[in-house]
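Biologist: I have a structure open and want to go through a few spots. Can you help me read it?
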Amino acid sequence: MVCGDVFVARALHPARNDAEAADRFAIAPEDHLKASRLARANGHRLIGCYHSHPKGAAEPSRHDLNGAGEENFLWLIAGGADCGLRAFIYRAAGFEGLPFGADLVTSSLNERN
Ligand SMILES: [Zn+2]
């Protein structure tokens with residue numbers, strides 16, 4: 001981790017899981033592109049993604065590692081097995097755990113501004 005890394009999520013963009021296997025995670029490319037365009041239109045950029053491992057731990061899987069590629073991209077992973085929520089950053093072909101503190105709330109509304 002580089003000291004001073006601060007990530008602020010201003011909007012969440014729901015995306016479809018495009019993976020063929022039910023226990024895999026792959027953001028549908030058109031959803032990723034749509035979210036990226038919307039973020040840019042609002043003067044933002046996509047900083048990361050989030051997903052869960054309903055039967056696994058809150059840590060990147062080897063499939064996550066195989067699917068990752070964007071440098072300095074934040075990954076939030078919720079784990080059902082450990083009831084955890086952890087943050088990682090993908091850098092230099094690997095995941096690095098980040099200290100994580102957050103206040104979270106869910107909503108059916110998706111902030112657009
Ligand atoms: Zn995963």
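Biologist: In the hairpin of β2 and β3, which residue takes a positive phi?
Modeller: Keep in mind that this is a predicted model. The residue is C83, with a phi near 50°. That hairpin has four residues between its strands.

Biologist: How many bridges hold β2 and β3 as a pair?
Modeller: Seven bridges, in the antiparallel sense. Strand β2 covers residues 73-79 and strand β3 covers residues 84-91.

Biologist: And what is the bridge partner of F73 in β3?
Modeller: F73 has Y90 as its partner there.

Biologist: Next hairpin, β3 and β4. Which residue has the positive phi?
Modeller: A92, again with a value near 50°. Here two residues lie between the strands. β3 pairs with β4, residues 94-98, through five bridges, and the sense is antiparallel.

Biologist: What stands opposite F88 in β4?
Modeller: G97 does.

Biologist: Changing topic. Where is A57?
Modeller: A57 is in the loop between β1 (48-53) and α2 (62-67).

Biologist: Why does A57 count as partly exposed?
Modeller: Because A57 has 16 C-beta neighbours inside 10 Å. Buried would need 20 or more, and exposed would need 12 or fewer.

Biologist: Which residues does A57 touch, leaving out those up to four places away in sequence?
Modeller: A57 touches G79, A81, D82 and G84. G79 belongs to strand β2 and G84 to strand β3, going by the residue ranges.

Biologist: What about G80, how far is that from A57 in space?
Modeller: The C-alpha to C-alpha distance is 6.4 Å, while the two are 23 residues apart in sequence.

Key
Residues are numbered from 1 along each chain as its sequence is written. This is a predicted model: local features need pLDDT of at least 70, side-chain atom pairs count only at pLDDT 80 or more; totals for chains, interfaces and linings use all residues. Two residues are in contact if their C-beta atoms, placed from the backbone, lie within 7 Å. Two strands pair if DSSP finds at least two bridges between them.
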